[in-house]
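Here are my notes on the model, written as numbered points. Keep the structure open while you read, and look up each residue as it comes along.

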Amino acid sequence: MNSFSYKEYIHILDLLQDHYPIMDYNEVGEDTDRFAVIRHDVEFSVERAYKMAELEARKGIFTSYMFQIRNNAYNTFSIQNIKMIKEIYQLGHKIGLHVHLGMLNDISGLKNYVESDIKSMGNFLHIPIDRFSYHRPPKEVLRKELSLENYINTYDKKYFDFKENDQDLEHVRIKYIADSKHRWNYGYPSEDLLKQYAKVQLLIHPYSWTEEGYESQKNFEELIKEKESIFRNTLKSETKHYKE
Ligand SMILES: [Zn+2]
């Protein structure tokens, strides 16, 4: 099985389902003693997020798709992307903001920054945006444990065990598993790992995953090809003087 293939992802989902109730963030209460929550931070490709959302929905699994509004790889507010994100929502998934902190000047303004970006997103998309995750959060941001009345912080104590020291990550109440940088730095979601923990948050970046399953560099090359073809189509539809 190629790693980072859809087949492998389905296998991981099956394994999770065997070990936990897969829950939405809003179903986890203070006294929930066993759960897995799954979120997807969308960094580069709404198209790949859409494919993953379809794959999960076919299995009856519903997760959270978090989109950026300040990155340079895709425009969350383009007509095509709004259409796809709405379809992801209609499949039964939740939609949230993946907070890019690049325009935050002072950490004391974090609350307003997040709230204002979520509201902007809701104004464009006209679907509920009820949650957020940080993009590459520094420790000072996690330490703040921002709690907003109307929005779920996926780094809330209920779903994430913040540790000042990385060596303490071995002793967490909630296991955080992520495929960041096309690697499993917090451990691979294997049977052996899962049976050690009653609570899990799984972060999967859709851009890393394809039908074929590629190693990191090849995956980027394929992603670039997809983006190129999207841009060519845009030129075609926006101009008459672009020749293929
Ligand atoms: Zn991110």
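1. Let's start with T76, which sits in the loop between strand 2 (64–67) and helix 3 (79–91). Helices (H or I, at least four residues) and strands (E, at least two) are DSSP runs, numbered from the N terminus. A quick word on the source: this is a predicted model, where local features need pLDDT of at least 70 and side-chain atom pairs count only at pLDDT 80 or more, while totals for chains, interfaces and linings use all residues. Residues are numbered from 1 along each chain as its sequence is written, and side-chain values use heavy atoms, with hydrogens and water left out.

2. Is T76 buried or exposed? T76 is buried, because its relative accessible area is 2% (buried means under 20%, exposed over 50%, partly exposed in between, with a 1.4 Å probe and protein chains only). Its side chain reaches the backbone oxygen of Q68 at 2.5 Å. Leaving aside neighbours within four places in sequence, T76 is in contact (heavy atoms within 4.5 Å) with residues including F67, N81 and L125.

3. Now hop to N81, which lies in helix 3. N81 counts as buried too, at 8% relative accessibility. A polar atom of the N81 side chain lies 2.8 Å from the backbone oxygen of N75. Not counting residues up to four places away in sequence, N81 touches V46, E47, Y74, N75 and T76.

4. Which residues hold the zinc ion? The zinc ion is coordinated by E43 (OE), H98 (NE2) and H135 (ND1), at 2.0 to 2.1 Å. Donors here are N, O and S atoms within 2.8 Å of the metal (3.2 Å for Na, K and Ca); water is not among the atoms, so sites may look incomplete. Along the chain, the donors follow the spacing E-x54-H-x36-H. H98 is buried at 1%, and H135 counts as buried at 14%.

5. Next, salt bridges (a side-chain nitrogen of Lys or Arg within 4 Å of a carboxyl oxygen of Asp or Glu). By this rule the count is 15. In one of them, the side chains of R48 and E226 meet at 2.7 Å, N to O. R48 is in helix 2 and E226 in helix 7 (residues 216–238), so the pair ties together parts that are 178 residues apart in sequence. R48 counts as buried at 2%, whereas E226 is partly exposed at 28%.

6. D117 forms a salt bridge with R70, their closest N and O atoms being 2.8 Å apart. D117 lies in helix 4 (residues 110–125) and R70 in the loop between strand 2 and helix 3, so this pair ties together parts that are 47 residues apart in sequence. D117 is buried at 4%, but R70 is partly exposed at 32%.

7. Last stop: E191, in helix 6 (residues 191–194). E191 counts as partly exposed, at 43% relative accessibility. The C-alpha atoms of E191 and I12 are separated by 9.3 Å, though these residues are 179 apart along the chain.

Terms used: Polar contact = N/O pair within 3.5 Å; in protein donor to acceptor, adjacent residues only side chain to side chain.
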